[in-house]
Amino acid sequence: MSFSSLGLSEPLLRAIEEKGYAEPSPIQVEAIPAVLTGHDVMAAAQTGTGKTASFTLPLLQRLSSGSKVKSNHIRALVLTPTRELAAQVADSVTGYGKHLSLKSSVVFGGVKINPQMMKLRGGVDVLVATPGRLLDLYSQNAIKFSQLEILVLDEADRMLDMGFIRDIRKILALLPEKRQNLLFSATFSGDIRKLTDNLLNDPVQIEVSPRNAAAQSVQQSVYEVDKGKKPALLSHLIRNNNWDQVLVFTRTKHGANRLTKKLEGDGVTAAAIHGNKSQGARTRALADFKSNKIRVLVATDIAARGIDISELPHVINFELPNVAEDYVHRIGRTGRAGSEGEAISLVSADEVKLLSDIENLIRQTLVREVETGFVPSHAVPITRLRDQSTKPKKPKKPKKPRTNNDSKQREGNGAKGQSRSGAKPQGSSRNSSGAGGRSAQGDRQKNRATKKKRSGSKPKRNPPSRSN
Ligand code: AMP
């Protein structure tokens with residue numbers, strides 16, 4: 001399959017060639033012809049699938065043959081949940097549209113509104129916007145919608161998660177009824193369905209990958225650790241393994257700040273990125289991270305949403321997210337576009353329920369690891385995956401109560417390598433009592449053992465093994 005066979009025009013094909021894309025991604029194969037023919041589209045796709053090009057390319061083509069945009073008017077509106085995503089989509093619009101003479105602009109909050117108003121004055125063919133700032137501009141008469149032909153809602157699920165539903169409804173009420181609607185969302189919850197029912201007109205539905213696809217292409221593991229020792233374990237793992245470009249997720253903004261300070265104190269260069277940071281600080285942190293000036297970017301879920309960093313080697317969940325699906329979004333930052341990636345979760349005893357929700361969502365039991373010097377006082381039990389009881393279960397061996405001695409033994413055995421191999425230290429025998437993940441766990445541990453043997457400062461990875 002080639003881009004030209006999708007019906008794209010020469011100026012767009014030239015831009016694609018300059019980007020170096022060899023062939024369209026699955027979502028592009030499906031979405032580009034559908035958008036070109038003017039249909040509404042509803043696509044289930046995560047960041048990393050090439051979804052931005054799948055709506056931007058045909059949108060530009062459709063606009064290139066239409067009427068001239070009047071002052072303060074726009075012809076296509078792309079709504080995104082975050083400033084970072086807005087900036088990235090706007091870059092794509094500029095990049096793919098470089099050989100066309102369409103005007104595009106981006107507006108979001110946290111920066112001065114006047115320059116944005118000035119840009120809109122001359123009219124803009126494609127406007128990428130976050131909802132709040134768009135409404136501000138509208139209320140100041142800086143923008144008019146009567147020429148609007150195409151609306152795109154990008155990462156619609158996240159917009160709802162972030163509480164934008166009222167803003168979106170307000171915006172929808174301002175738009176002309178006759179228009180083309182394109183909606184992209186990683187997940188389709190009840191709320192999204194409600195929105196799409198009213199918004200989309202007989203849409204072409206596209207689903208290129210199951211929602212846990214990212215989870216299956218990334219090598220994932222869990223480090224069991226006491227809550228208070230997580231910062232020290234994180235520093236230790238980064239320094240010991242000599243990791244660069246580590247994206248770390250925390251649940252709160254304060255947690256992100258605290259952890260950044262601690263890492264800096266340990267000699268690991270880091271920056272935090274979250275909603276309390278100014279736009280300038282966020283952009284700087286992201287640029288420093290991309291150019292390897294800092295090793296670690298500590299982010300909250302919302303801030304990290306939409307950050308496009310390709311081939312990110314390490315994603316660490318310092319804390320598990322409250323919503324299991326956020327885990328999939330988080331680890332979608334690594335192993336993108338076919339590159340290898342590793343996602344590690346530091347899990348303390350109070351997070352057992354969250355871990356089990358995640359493992360049930362991704363239908364996979366994650367490998368448990370214990371690092372020497374960080375043996376937890378409470379073990380993280382293996383999750384029994386729900387609806388996995390088709391195989392007869394082996395009778396359970398009575399569990400030996402854990403004692404301090406067990407812990408010491410695990411630690412003394414050089415826990416890291418051994419807990420990954422078949423020669424299990426005492427404490428990890430509890431790990432094999434899980435229902436669904438039992439044999440997979442064994443396989444994964446074998447893989448890990450091999451990896452360990454080959455590993456230097458940067459381990460060579462085996463292909464990720466799946467548990468189901
Ligand atoms: P997205 O899912 O839109 O965030 O895109 C993820 C990344 O894939 C971006 O860095 C794009 O530049 C890149 N990309 C998009 N389409 C293709 C393609 N057909 N071939 C290779 N890379 C692509």
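The model is predicted, so local features need a pLDDT of at least 70 and side-chain atom pairs count only at pLDDT 80 or more, while totals for chains, interfaces and linings use all residues. Residues are numbered from 1 along each chain as its sequence is written, and side-chain values use heavy atoms, with hydrogens and water left out.

Start with the sheet that holds β1 to β7. Its seven strands are arranged in the order β3-β4-β2-β5-β6-β1-β7, and the sheet is open with parallel pairing. Strands here are DSSP runs of E with at least two residues, helices are runs of H or I with at least four residues, and both are numbered from the N terminus. Two strands count as paired if DSSP finds at least two bridges between them. The edges are taken by β3 (104–107) and β7 (204–207); each has a single partner strand, so one side of each is left without a neighbour in the sheet. From one strand to the next the twist averages 15°. Such angles are taken between axes, which are lines fitted to C-alpha atoms (for helices over the stretch in contact), and run from 0 to 180 degrees between N-to-C directions.

Serine 104 has valine 126 of β4 as its bridge partner, and valine 107 stands opposite alanine 129. In a regular strand the side chains alternate between the two faces of the sheet. Buried means under 20% relative accessible area, exposed means over 50%, and partly exposed lies in between (1.4 Å probe, protein chains only).

A second open sheet, also of seven strands, has the order β10-β11-β9-β12-β13-β8-β14 with parallel pairing. At its edges stand β10 (270–273) and β14 (367–369), each with a single partner strand, so one side of each has no neighbour in the sheet. The twist in this sheet averages 25° from one strand to the next. Four bridges pair β10 with β11 (residues 296–299) in the parallel sense. In this pair, isoleucine 273 stands opposite alanine 299 of β11.

Next comes the ligand. It is surrounded by 14 residues, and the closest are Tyr21, Gln28, Gly48, Gly50 and Thr52. A residue is near a molecule if one of its heavy atoms lies within 4 Å of it. By class, this shell has three nonpolar, seven polar and four charged residues. Ala, Val, Leu, Ile, Met, Phe, Trp, Tyr, Cys and Pro count as nonpolar, Asp, Glu, Lys and Arg as charged, and the others, Gly among them, as polar.

For lysine 51, a polar backbone atom is 3.3 Å from an oxygen atom of the ligand. Taken alone, the ligand exposes 490 Å², and the protein buries 75% of that. Accessible areas come from the Shrake-Rupley method with a 1.4 Å probe; for residues, only the protein chains shown count as cover.

Lysine 51 also takes part in a contact within the protein: its side chain makes a polar contact of 2.8 Å with the side chain of aspartate 154. A polar contact is a pair of N or O atoms within 3.5 Å; within protein, one must be able to donate a hydrogen and the other to accept it, and residues adjacent in sequence count only if both atoms are side-chain atoms. Aspartate 154 lies in the loop between β5 (150–153) and α7 (156–161). With 0% relative accessibility, aspartate 154 counts as buried.

Most residues other than glycine have a negative phi. Aspartate 202, in the loop between α9 (190–199) and β7, has a positive phi of about 45°. It is exposed, because its relative accessibility is 65%. Asparagine 242 has a positive phi near 60° and is found in the loop between α11 (230–241) and β9 (246–249). At 41% relative accessibility, asparagine 242 is partly exposed.
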